[in-house]
Number of protein chains: 2
Amino acid sequence: MTNKHLYGLILAGGRGTRFWPKSRKRRAKQVLDFLGEGTLIQQTASRLSVLIPPERLWILTNNYLRDEIVRQLPEVPKKQILAEPAQRNTAPAIGLAAHILQSIDPDAVMGVFPSDHYVSKPKRFLKLVKAAYREAAQGRIALLGLQPRWPETGYGYVEFPPGEAAPGSTNAVRVVRFREKPSFEDAQAFVAAGNFFWNGGMFFWRAGVVLDQLARHLPKTAGLLAELPKFGSRQFGAKLAEVFPQCENISIDYAVLERAEGVVGIAADDIGWNDVGSWNAVYELLPRDKEGNTRRGDLLPYSSSGNFVDVPGKLVALLGVKDLVIVDTPDALLIADRHRVQNVGDLVKHLEARKRDELL
Amino acid sequence: MTNKHLYGLILAGGRGTRFWPKSRKRRAKQVLDFLGEGTLIQQTASRLSVLIPPERLWILTNNYLRDEIVRQLPEVPKKQILAEPAQRNTAPAIGLAAHILQSIDPDAVMGVFPSDHYVSKPKRFLKLVKAAYREAAQGRIALLGLQPRWPETGYGYVEFPPGEAAPGSTNAVRVVRFREKPSFEDAQAFVAAGNFFWNGGMFFWRAGVVLDQLARHLPKTAGLLAELPKFGSRQFGAKLAEVFPQCENISIDYAVLERAEGVVGIAADDIGWNDVGSWNAVYELLPRDKEGNTRRGDLLPYSSSGNFVDVPGKLVALLGVKDLVIVDTPDALLIADRHRVQNVGDLVKHLEARKRDELL
């Protein structure tokens, strides 16, 4: 298989309020560097680059983030970093990319990747991505299933036929069913069963297949996107701004994947995947001292354990405190119970309600 | 009684490491403003000013703090704000002041006041101070006893004869005994007994009485101070720098008061006294919201209670945290369990051990 028809689409339109105060409208999770190894989107592009060079990498983001992403990915041609005129979830975004790629390369095979996940074992990851591309090149819809490590209720699951999915194998397996965020009991059963995998939001298909599927399952959006003139033409931007906001606000999972026939999956083994879903996830990725405090910056912990500290430029002294998340920025300081950081988004809602736009 | 022989001596040589990171060598507790009502030394001077105008107010401090105190108390003549050449506890400091005052006014009666305590009811306080001065003018050694509000083991107590001390009365009562920092059991018994009062470190006596007592109980220090030339002379500073470091390092309580005959006390009623001994004491003096978080600055508390926050210039968001002390400065941030802040001094010792002089 030649790689020259393989394209990467990185979805980078998310807001990521769970990383406030570091994340803001113009500094969402994907453009932040949590581990000192580059920002999440830089790591995503770099991880793919062996298979997909920058000239075949496309990025969809929003107007708040585009300039920052252009700055962070100088190797990616600017015209391939697009701002969606409105937030419309993944189906219209993927449709738009498919529309453009199809006009550039009728044999385009596209892989869709979140911009804000972490993968510590990129070689294993790429082996599986290659396998998925191979399936997609043959006209199938393929996805990566991630081996579940705990009964997470916040993720979607894909069900493979019992006994067929061998984690780490590059053989594709038929997807029996999609199971959106399950109850805890169901999640426990899924993990125990062994044939349920996390849906990591990575999809592989020919651009033409995407367009066909959209025409079938989401005809209004497909029709709107079909009105777009040739990419690169003078009218493209204005027309996109007109039609995109009229597209349905729906995920590609609901709109297409769960309704399509013959979706296949590649079952991943341990690729060191982490969706970096909260400050606590970052805490768990970082090196820590023997009391479990993150080893970073100028920290003086005293009778203190389990603390995540991200305070640049000054000494932080801790006295008798446990399991805190402490994140400082020039205009806002967060101090949270590390076991409650899934509620950081609620703080952001409070700030929105109070019209504290300067902090959003 | 005329006031013109009444002098105030404010002792302002303390370091106050318990208020790190706000307190430093050059910004000790007494020159900090915790309540937005002026710094503690400014409040001390202001509280006394009805009885003791600035021209009869003297301040003993150290070289680190003198400039700041001169700046904070512009109404006090500069020459009356003296830096001790070495840290020698209260006995040599009070002896030095007595030596100077005696040479200026042979009828000088001096009241000694800590620079870093808080008194919320200054009128009642002044009534008692006046009574103590009256005793002192007649040649006695007088002190203020503070009605104990809990069995504190960190303070010294003075014992009055049972049944004689009527809190708030301006009648002086004989001091039976001094009891230094007691055990908790003893402290409980003292509070229950009703005739034990906290020693607030406020003493009243004629300058001549101080000098006589020192000559008797601390002859070496008395002799050294007697070598000093006339205050204001060109040789004074150099001689002070020579003799002061040779003085004994001892408190006036141990050196004189506990050995002197006929010490009397004025038993205070509720004068709103607080020695502001820790961040927790400041917390208790400040207004708080109904969840017990201090109402100050730009605070967004969410499922959080009992927190003390002193972070200027930015929003502080709290999520699921309880009873924290959060104090920010340009070069250091402290996050402590509010019930452990008596150990802040230990943090400072760690910084000293690590030679972090820039933070001390």
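**Figure 1. Five bridges join β13(B) (residues 298–302) to β15(B) in a parallel arrangement.** Strands are DSSP runs (E, at least two residues) and helices likewise (H or I, at least four), numbered from the N terminus; two strands pair if DSSP finds at least two bridges between them. Within this pairing, L299(B) has V316(B) as its bridge partner. The model is predicted: local features need pLDDT of at least 70, and side-chain atom pairs count only at pLDDT 80 or more, whereas totals for chains, interfaces and linings use all residues. Residues are numbered from 1 along each chain as its sequence is written, with chains lettered from A and ligands numbered from 1 in the order in which they are written.

**Figure 2. Strand β15(B), residues 315–319, is mostly covered.** Five of its five residues are buried, a residue being buried if 20 or more other C-beta atoms, placed from the backbone, lie within 10 Å of its own, exposed if 12 or fewer, and partly exposed in between. In a regular strand, side chains alternate between the two faces of the sheet. One side of β15(B) carries L315(B), A317(B) and L319(B), and the other V316(B) and L318(B), all of them buried.

**Figure 3. Parallel strand pairings link chain A and chain B.** Strand β17(A), residues 332–337, is joined to β15(B) by five bridges. I335(A) has L318(B) as its bridge partner there. In the other pairing, five bridges connect β15(A), residues 315–319, with β17(B), again in parallel. Here V316(A) is partnered by L333(B).

**Figure 4. The side of chain B that touches chain A includes strands and a helix.** The contact involves 28 residues of chain B and 28 residues of chain A; two residues are in contact if their C-beta atoms, placed from the backbone, lie within 7 Å. On the chain B side, two or more residues come from each of β13, β15, β16 (324–328), β17 (332–337) and α11 (344–353). The largest share, six residues, belongs to β17(B). By class, this side has 19 nonpolar, three polar and six charged residues. Ala, Val, Leu, Ile, Met, Phe, Trp, Tyr, Cys and Pro count as nonpolar, Asp, Glu, Lys and Arg as charged, and the others, Gly among them, as polar.

**Figure 5. Chain A is assigned domain 1 (6–274) and domain 2 (279–359).** These bounds come from an automatic or database domain assignment. The C-alpha centres of the two domains of chain A lie 30 Å apart. Their contact draws 10 residues from domain 1 and 13 residues from domain 2. The domain 1 side consists of six nonpolar, two polar and two charged residues.
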